[in-house]
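Subject: Structure handover

Hello,

Here is the structure I said I would pass on. Please open it next to this message, as the notes below refer to it throughout.

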Amino acid sequence: IRHRERARREEAVARGRAEGKSEAQVLSELGVLPQDEMVRQAKAALQGVEWAVGKWLDLAVRGCLYPGAGFAKVAMGLRWLDILTAFFTPGRPAQAPDSAMAPFVVSALGSPDFRSNSSSTRHGAGVTAEEIVTVLTQVLIDDPFDANRASAFALLTSWPLVSADDNDAAAAAREWASQLLRRALHLVSSTRAGESESGALIIRWLFRKFVVLQGMRLDTGDGSSDVPGDLGFAAGLLSRIVQCRQAAERNLLDAAQHFPLHGLLTAAQYVVAEIDYQSSDVQTHAVQWQQWLQALAQAAIDICSVVLSVLTSASPEGNIPASFREMETKIDDIIRSAEEMNIGDSVDGADDGDDEDLLGGESGLGGSAGPRQQVILSYCWRAVKEVSGVLAAVATCPPGSDQVSLDSGVAPLLEPALLRQIGELLHTLLTSIRHRGAFSAVHPAFTDVCGRMFRSPAAELNQRVSQWLEQCLDTATICRVSVTRRSAGWPLCLLATLTCDKLAMQALLPRAMNRIFALAADLQIADGGEPATDELGDGTTDLPQVHAINMLRALLDDHTLASDVVPY
């Protein structure tokens with residue numbers, strides 16, 4: 001409209017001057033307002049829109065995102081807030097008109113200023129940016145629904161940064177972020193999965209928004225002050241993971257109750273994914289980043305060695321590590337010390353209830369932790385789940401020496417030996433773990449690593465994927481493999497090697513299907529031509545046909561192979 005009015009006015013003025021009229025006479029005859037009047041009316045209209053957006057923000061933030069609000073109300077408030085920020089935040093694709101003469105600014109959608117007192121502004125005339133950011137972080141922490149937390153995280157990620165030109169505002173933002181980080185570190189140390197995931201998301205946002213993009217130094221623990229802020233942040237997380245791993249090496253039960261690993265490992269996985277490995281800051285300290293990645297991978301491998309004995313047991317749901325079964329005195333000491341510390345009850349009569357104490361009791365974490373077996377098992381499978389994610393991130397995110405050419409100017413941060421070690425460990429986890437939740441969690445990580453190795457130009461990495469597939473099929477033909485009735489993680493291992501890459505699927509699927517069909521239909525596969533049987537006769541092994549049919553079911557059920565398995 002502004003462009004059309006300007007063109008119309010200029011044409012009319014030129015024609016009027018040719019007729020000997022003044023500009024004011026021509027504009028008066030056309031009914032075109034003078035520019036000052038147009039600016040005044042535009043400002044008045046924009047003020048009305050600003051007032052309306054402010055009211056909408058108030059309804060979205062204070063009317064929907066209050067503590068204790070239900071899922072539907074929180075989801076509606078987040079969606080409402082997403083629409084408002086998309087249309088009325090400068091710099092967005094659908095931004096509002098921008099003019100120097102009639103500027104359009106909604107302060108609540110700008111950079112937050114944490115110098116103001118949020119408690120006083122909450123009852124003020126309008127919503128502020130720092131209030132919105134604080135409410136969104138509270139949704140991340142308190143909301144139990146993943147969809148709402150994902151929406152809040154997306155809004156926080158796209159929110160405008162604090163201006164680095166204002167030292168006072170930057171200092172206030174650093175203090176606010178430090179307090180939030182301390183709370184997040186407390187949450188990731190919780191035994192509750194929801195709280196630990198919330199803490200990890202907060203750490204991810206703080207690392208991306210404040211540490212990487214703004215260069216702030218936030219303290220996560222034992223990070224050195226002699227290194228850049230992002231490297232110090234990552235080093236502090238690794239130090240906490242190592243401390244929890246050492247606690248697990250000393251005592252699994254005590255570590256499960258007081259030193260949970262899954263939250264810290266999730267945060268470390270997010271940090272690995274958020275690092276910009278091509279940036280000049282990371283490339284300048286490439287050697288230190290490479291050492292950190294190697295140390296993180298080694299810590300994850302050590303954690304696997306601690307918890308693997310529990311998950312590979314023939315009955316992981318009721319398993320207690322041998323160290324506990326063989327050391328009854330030690331168990332009694334643990335139970336007594338836990339009771340003295342957490343409940344404050346007398347230990348008189350503890351000898352009479354050893355069996356009950358072994359199966360259940362208080363954890364000291366705010367309520368009953370359930371049977372000891374379940375506490376240990378939950379700790380172990382959650383640790384393996386997050387360890388798999390960390391190892392997959394280490395294997396796929398940083399540039400490897402097999403991917404980077406010498407003249408590219410990019411320093412490789414991942415060696416092929418470490419990549420292969422990670423792949424071998426995930427393969428071992430997937431094929432040896434009996435706990436369904438654990439090996440199901442390893443499967444996507446192993447798929448990502450297989451894809452990374454299959455796309456590698458290095459032959460020793462590329463060929464290893466097909467070797468794993470052949471090993472999987474060869475193992476299925478051995479009647480001595482003792483697994484669960486669903487063949488445990490072997491079908492998922494085969495699925496991972498076939499679906500890791502489209503080219504791998506085209507190259508390996510026909511041979512795999514032919515071998516599986518032949519194995520499933522042939523009973524004469526034992527040595528000497530005798531039908532294969534359970535040699536021990538105790539039901540502890542499965543026939544190869546069972547493994548083959550389980551593998552077929554996994555391949556036919558997978559959505560990524562939907563069109564490719566139609567011919568079979």
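This is a predicted model: local features need pLDDT of at least 70, side-chain atom pairs count only at pLDDT 80 or more; totals for chains, interfaces and linings use all residues.

Overall

The protein has 24 helices and 0 strands. Of its 568 residues, 48% are buried. Taking contacts between residues at least 6 apart in sequence, 67% of them join residues at least 24 apart.

Helix H1

H1 covers residues 2–18, which is 17 residues. At 1.5 Å a residue the helix should span 24 Å, and its end C-alpha atoms are 25 Å apart, so the two values agree. Its buried residues are Arg9, Ala12, Val13 and Gly16. Viewed down the axis of H1, these buried residues fall within an arc of 105°, so they line one face of the helix. Their cover includes helix H2 (23–30) and helix H3 (35–61). The face of H1 turned away from the buried side carries the exposed residues His3, Arg4, Glu10, Glu11 and Ala18. Just after H1 comes glycine 20, with a positive phi of about 85°.

Helix H7

The side chain of asparagine 148 makes a polar contact with the side chain of aspartate 143, at 3.3 Å. Leaving out residues up to four places away in sequence, asparagine 148 touches Phe71, Val74, Ala75, Leu78, Val139 and Asp143.

Aspartate 146 is also found in H7. With 54% relative accessibility, aspartate 146 counts as exposed. Aspartate 146 and serine 198 are 52 residues apart along the chain, and their C-alpha atoms are separated by 9.5 Å.

Helices H18 and H20

How do the axes of H18 and H20 cross? The axes of H18 (residues 372–396) and H20 come within 8 Å and cross at roughly 5°. The two helices are therefore roughly parallel to each other. On the H18 side, the residues that meet H20 are Trp381, Val384, Lys385, Ser388, Gly389, Ala392, Ala395 and Thr396. On the H20 side, the partners are Gly437, Ala438, Ala441, Val442, Ala445, Asp448, Val449 and Arg452.

H20 covers residues 436–454 and contains threonine 447. At 14% relative accessibility, threonine 447 counts as buried. The side chain of threonine 447 reaches the backbone oxygen of histidine 443 at 2.9 Å. Not counting residues up to four places away in sequence, threonine 447 touches Ala496, Thr499 and Cys500.

The loop between H21 and H22

Alanine 488 lies in this loop, between H21 and H22. Its phi is positive, at about 55°, although the residue is not a glycine. Most residues other than glycine have a negative phi. At 5% relative accessibility, alanine 488 counts as buried.

Helix H24

H24 has 14 residues, 544–557. The buried residues in H24 are Pro544, Gln545, His547, Ala548, Asn550, Met551, Leu552, Ala554 and Leu555. They pack against helix H21 (459–476), helix H22 (490–499) and helix H23 (502–521).

Arginine 553 also lies in H24. With 42% relative accessibility, arginine 553 counts as partly exposed. From arginine 553 to proline 491 there are 62 residues in sequence, while in space the two are 8.4 Å apart, C-alpha to C-alpha.

Regards

Terms used. Residues are numbered from 1 along each chain as its sequence is written. Side-chain values use heavy atoms; hydrogens and water are left out. Helices (H or I, at least four residues) and strands (E, at least two) are DSSP runs, numbered from the N terminus. The expected span of a helix is 1.5 Å times one less than its number of residues. Buried means under 20% relative accessible area, exposed over 50%, partly exposed in between (1.4 Å probe, protein chains only). The arc is that of the directions from the helix axis to the C-beta atoms. Contact means heavy atoms within 4.5 Å. A polar contact is a pair of N or O atoms within 3.5 Å; within protein, one must be able to donate a hydrogen and the other to accept it, and residues adjacent in sequence count only if both atoms are side-chain atoms. Axes are lines fitted to C-alpha atoms, for helices over the stretch in contact, and angles run from 0 to 180 degrees between N-to-C directions. Angles under 35 degrees count as roughly parallel, over 145 as roughly antiparallel, 65 to 115 as roughly perpendicular and the rest as oblique.
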